[in-house]
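Have a look at the model first, and then let's go through them together.

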Amino acid sequence: MRFVQFIETSQNEYLWVLETQNMGYAFVWNAHRLENVYWGAKLPYPADYLPRELPFDPLGNWNFARNTHEEFPAWGDYKFNEPCLKVRFGDGVRACLLDYRDATISENGAVTRLTIHLQDEHYPLRVRLIYDIYADYDLIVRRAEIENVGGEAVEIEQILSAAWHLPQRDAYQLTSLSGKWGGEFQLQRVELPRGKQIIERRRGSTGFDSNPFFALADGLAQEDDGEVWFGALAFSGNYKIVIERDAFEHINVSGGIHDFDFRWRLDAGETFVTPNFVAGYTAAGYGAASRALHAYELEHVVPRATARQPRPIVYNSWYVTEFDVSLENQEKAAELAAKMGVELFVMDDGWFGQRNTDRAGLGDWYVNRDKFPSGLAPLINRVNELGMEFGIWVEPEMVNPDSDLYRAHPDWVYHFPNRPLSTGRNQYVLNVARPDVQQFILDFMHDLLGNNNIKFIKWDMNRHFSEPGWMDAPEGRDRELWVRHTRGVYAIFRQLREAYPNVLFESCSGGGGRIDLGIMQYAEQFWMSDNTDPYDDLFIQEGFTLAHAPLTRMMWVTDTNWLNGRSYSLEFRFHLAMMGVLGMGADITRWSQADLDKAAELIALYKDIRETMQFGAFYRLRSPRESALSAFEFIHPSGREAVVTVFLSQSQFGYFSTNVRLAGLEPNTRYQVDGWDEPWSGQALMQRGLPIALKGAFISKLIRLARV
Ligand code: GLA
């Protein structure tokens, strides 16, 4: 097979070379261990991938306590890596020694799969390491499967998806994403120090505080240049990514399900499958790393049935009406939204149970008859008559203590007896690890989707887990909730998507609190942040797009920002919201006719460039972290069009003028720039740049370029 070479280097010693367009990745079975020997730029000859011994080992016998370069270190012998696997066998033995058995290679469309079969030397435990090679994107997607082929249960104490090993460089820069509610995805870049850096989550879901993404770059890598090793974990529950630089300058990254408070009972005949961990290498900087992930997400991760459908323009009244929704106020907004060109009207929180504030009603998924005396039908019909589809908000994994659901099923929430139970946003977390809770969610969702013409679900999740007790769990399984909750959510999504293939899903968690490649398999898009301030969003967007495609990013145009009181021109708000999937969340019933007209024009413009903004290749030309002017570029998949957005936060000492150098154009092709008499070549636009002059505060421009 083209992308995997298998070479027997000597008796009982084997080399596998995995190659993509630009990347090489190699490991050996050296009669003891499966050891990585290379990850980086592709090399010309197979022999290039084999390590060469040092003429002598300066540490000789004292050369202990180094980390091994193992692909999947199991814990239990004289090595001290972050283990990918730590188990306890039925007889109490806690050491696992893996021996090589076999390797198989298969081909499935664009993906080549290498499976390495390992088995414990003594106990009936099998491990399969799976490497899916995405040659076009320079990515490898790894996961592991652990199978108990014996008759006795095995306890898993730690199980990660993969360990990755990087070559030696003088210095590495670690980029990670961390943030908070209203300030998600802030990019952090530091020189990788000795020791372990941990990107982790222990609160039940992906979270704001960190995101399961890493990038390690050699020295001074830039947006458009330099070596970057990067990866993202496809899991929406507790995870950890451990980045270690040891005293021997060995750099490794291990990641998967968090071992914190985790145990898994693997019964006879059972298999545990880890989440996918995708990683890649590029010599062309952070931008290329992001584009590789974006392309992979578009082609292989986002729900397949709708992957190529342009995403509709949404209106959502949350910031206008909050819990005070009614047939009248929703209809009124819907009429104006339809006139502007909005395509999907979403009713947010407040439509069900006694949900008049966030203190009650969550869990009671029946229509509030005070607000909608004849149910949802009149509103949905009106929205449909206006030419729009209808969408609705739900938060299925949660319950208010003041709800019929909680009164009927107090045992359905995570809790410990004899301990107080904390609320977060006045709510408890339902134990979605339980099959009966999963069934309850499925039932009410079937009710909602089966009986109403609903084409969009905003699925929210608004608190962290605490007091995670599951007292009546099957024996030895109470700590499996950390994984079973997330798997339960995924299973519900799978069943709903199968039953309603035309319904779009948006993953929300108090804003961008559940955004990762795991949930991305089930939800078309993410609500990026509850903070709709377009200036703040420039920063959130920069971090978001490091790992996630613009197609998955939803942002609304709103009124004066409620967090900080700032106001912006309509253009500035629209230009920001257009960089992905456009939505509206403003009180349009109070807008002037001039603003309504202007918005209609901007929405028409968006429809015209939507394919480019949603499916195009994305370039971060200038970072908002570096100067008052930031700029971004989107290139249509066919190359026929490019759209550049420029944002100036503040001009000083007169106007701000610069040339924004474009990227990704065909050098010898000519491009007609909006408003120019004569086109320039791609090369001229990339070398000389687009001349920009702006003055004032919070000024933006959207510039279109058409291939001649
Ligand atoms: C969360 C979401 C908001 C909104 C509210 C409703 O905060 O992020 O967009 O849906 O819940 O309660």
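A residue is called buried under 20% relative accessible area, exposed over 50%, and partly exposed in between (1.4 Å probe, protein chains only). This is a predicted model, so local features need pLDDT of at least 70 and side-chain atom pairs pLDDT 80 or more, while totals for chains, interfaces and linings use all residues. Residues are numbered from 1 along each chain as its sequence is written, and side-chain values use heavy atoms, leaving out hydrogens and water.

**Exercise 1.** Find which residue forms a salt bridge with K240, and say where the two partners lie.

*Solution.* Start with the criterion: a side-chain nitrogen of Lys or Arg within 4 Å of a carboxyl oxygen of Asp or Glu. K240 meets it with D259, their closest N and O atoms being 2.8 Å apart. Strands here are DSSP runs of E, at least two residues, and helices are runs of H or I, at least four, numbered from the N terminus. Finally, check accessibility: K240 is buried at 7%, and D259 is partly exposed at 24%.

**Exercise 2.** Work out how R382 and E385 are arranged in helix 4.

*Solution.* First, their side chains form a salt bridge, 2.8 Å from N to O. Then count along helix 4 (residues 377-385): R382 and E385 are 3 residues apart, about one helical turn. Lastly, R382 is partly exposed at 23%, whereas E385 is exposed at 59%.
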